[in-house]
Amino acid sequence: MRNSPRDKQRTPWARRGLATAAGLALTASLTVAATSASAAERVDNPYEGADVYVNPIWSANAAAEPGGDAISDQPTGVWLDQISAIEGNDSPTTGSMGLREHLDEAVVQAAGEPLVFQVVIYNLPGRDCAALASNGELGPDEIDRYKEEYIDPIAEILADPAYADLRIVTTVEIDSLPNLVTNVSPRETATPECDEMLANGNYVEGVGYALAQLGAIDNVYNYVDAGHHGWIGWEDNFSASAALFYEAANTAGATPDDVHGFIANTANYSALVEDNFSIDQTVAGTPVRQSQWVDWNQFTDELSYAQALREELVSQGFASDIGMLIDTSRNGWGGPDRPTGPGPETSVDAYVDGGRYDRRIQSGNWCNQSGAGLGERPQASPEPGIDAYVWMKPPGESDGSSELIPNPEGKGFDRMCDPTYEGNPRNGNNMSGALADAPISGHWFSAQFQELLDNAYPPLD
């Protein structure tokens, strides 16, 4: 089985060259015509033995940056964050390529061999109820529009026999279901918007509908967003979130069989592994869990969280062979300030703060974090239970604007993206740690991209 507890060989993806612009249209038409009308055999881990799609628009943006050609051949997710993105809306970062154009290009890149195409489903009604920077175009009650104008057209395109030989991996609705656990009344971290989405049920309904429609397609592999350890890792969040995921997987026609796995740390910064301290240590008479950084969390990093959450999800009723993805696009935390060992043992806080790789001010900080670096390169089966490390968030695309920027995309201004903001209960009333001069979410942020290159870990060759 895909996730039996055994050691797995790390498999980096060797990249094929992108098709040239001159030959793209002709090659695409010939290759699409030759594609089998029946789906390729379903596999336990779609990333095993396959290349992964390189978005040519992101690749060009990366290659245009100084030093960017070192990573411009890496695979990233294609984000469908508006209805218009399905057909192509000529945005600054996604260009005019719609879903079909990306899939046609994926067929070209596949050249008859197995290839994974990663697409992010991200347009729920009342989207991101706890974060204004990524609010979406649909109002809280527009569940019918979500189904009919967003999910149904996507499902129709993905089901086209021309794409049946691709392994299509969907990341289903990031930053949604966990909000219904952590950011609702009577918690101090509650927002009115999240209370509304809990009451109307449209997050659960929307996720269930997406799972049912997309899961009905033989070559689609659904991975549901599962937050990250700095959000869901506490006891009162952990099991409750897994139970809510199971509820969504049994809603609107979905069944747990429509869920191939879950993805942790999507578009976030939590360190993959913290080597210099562990959750069961005691330093200067105080448990590491009681340190200000860990703050009673059960986990110190994303790998331990993802593996434990997988076990919890199975105990809640999901299949025993579900797999996990971890987004490592911005959690490397390398560069000259990366600790080489633990801090001094004078106090638990000195020990943890001196040794932690994750240099955010607080683990709840999420917007354009200063000092972040590229993490582990995308690779299949890196650890037991983990289907792949992925770059689902394209490095260099902003999390949100550092000041109010009017825009036609429905993107709001969130003070968590303002470097002068002093915080709120959701980040322990700490400074935001965000970079200055950021554009609206999803737009290219050159200064951030350069930091990610400089602070990459493992370092770039």
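This is a predicted model: local features need pLDDT of at least 70, side-chain atom pairs count only at pLDDT 80 or more; totals for chains, interfaces and linings use all residues.
Conventions. I number residues from 1 along each chain as its sequence is written, and my side-chain values use heavy atoms, with hydrogens and water left out.

Strand 12. I took strands (E, at least two residues) and helices (H or I, at least four) as DSSP runs numbered from the N terminus. Five of the five residues of strand 12 (residues 386–390) are buried, so this strand is largely enclosed by the rest of the structure; buried is under 20% relative accessible area, exposed over 50%, and partly exposed in between (1.4 Å probe, protein chains only). Counting strands as paired if DSSP finds at least two bridges between them, I found strand 10 (residues 323–327) parallel to strand 12 over four bridges, with Met-324 bridged to Ile-386. Strand 11 (residues 379–383) pairs with strand 12 in the antiparallel sense over three bridges, and in the hairpin that they form, Gly-385 in the turn has a positive phi of about 80°.

Cores. I looked up nonpolar cores, sets of buried Ala, Val, Leu, Ile, Met, Phe, Trp, Tyr and Cys residues joined through side-chain atoms within 4.5 Å. The largest has 77 residues, and Leu-177 and Phe-262 have the most contacts inside it. Apart from it lies another core of 18 residues, among them Ala-380 and Met-392.

Gln-213. I located Gln-213 in helix 7 (residues 202–215), where it counts as partly exposed at 30% relative accessibility.
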